[in-house]
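Please walk me through this protein model.

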Amino acid sequence: MKSLRLFLLPAIGLLLTACDTTPRERQEIVRQEARKLDTVADRAAAKLRVAGRRAARFDSVSRARSRQPLDKAAEATFASQLLGTYTEVEKLTPQTIEPAFVQFMQQVRANRRTWTQRDWDYATAISRRLNEQFRAIRLDIKGRDELHIRALQTEFTALETGRDVKDLGQAVKQP
């Protein structure tokens with residue numbers, strides 16, 4: 001919308017002055033307005049290049065972090081914190097998996113604002129384990145519980161993606 005205004009305003013100005021100017025004067029006005037548009041375009045392109053470099057740097061750091069293996073002791077501590085009594089994910093049954101997901105998401109909601117990207121890596125690893133167990137016993141889970149679990153899985157994905165987008169946005173804005 002702003003770029004449209006940038007285009008229309010000079011055009012309107014040119015039309016208004018067309019009656020009171022000579023063709024040579026109108027040519028000069030058009031050149032001046034074209035230079036202004038070029039300057040705006042150059043600034044926008046420079047900002048996009050900077051944002052692109054910052055986004056690439058963020059992506060590079062994120063990939064490097066993802067390649068680092070998770071510390072097993074830290075993961076166990078994180079699992080205990082997020083899952084409470086449901087830490088033995090592989091032993092969850094069709095009756096206990098839904099409460100385990102509920103416990104997990106309650107803790108995610110409570111702690112997510114203070115988490116670093118590495119904390120999210122641990123939470124994602126725990127989520128994967130829960131999802132694997134869910135797939136293994138899915139056919140024995142009541143439909144109502146399965147529907148609730150799917151909603152919780154979607155919520156986790158949305159929260160995680162939201163954090164990634166927020167961090168990317170901050171990385172692009174910061175020098």
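Across the whole structure, a search turns up six aromatic pairs. Rings of Phe, Tyr and Trp (its six-membered ring) pair if their centres lie within 6.5 Å; planes under 30 degrees apart are stacked, over 60 edge-to-face, and the rest tilted. Trp 115 and Trp 120 are edge-to-face, because their ring centres lie 4.9 Å apart and their planes meet at 85 degrees. Trp 120 also forms a tilted pair with Phe 156, at 5.8 Å centre to centre and 45 degrees between the planes. That pair links distant parts of the chain: Trp 120 sits in helix α5 and Phe 156 in helix α6, 36 residues apart. Helices here are DSSP runs (H or I, at least four residues), numbered from the N terminus.

This is a predicted model: local features need pLDDT of at least 70, side-chain atom pairs count only at pLDDT 80 or more, and totals for chains, interfaces and linings use all residues. Residues are numbered from 1 along each chain as its sequence is written, and side-chain values use heavy atoms, without hydrogens and water.

Buried means under 20% relative accessible area (1.4 Å probe, protein chains only). Trp 115, at 5%, is buried, and Phe 156 is buried at 4%. Ring pairs join Phe 78, Phe 104, Trp 115, Trp 120, Tyr 122 and Phe 156 into a cluster.

Note on methods
Buried < 20%, exposed > 50% of the residue type's maximum accessible area, 1.4 Å probe, protein only. Helix = DSSP H or I, 4+ residues; strand = E, 2+ residues; numbered from the N terminus.
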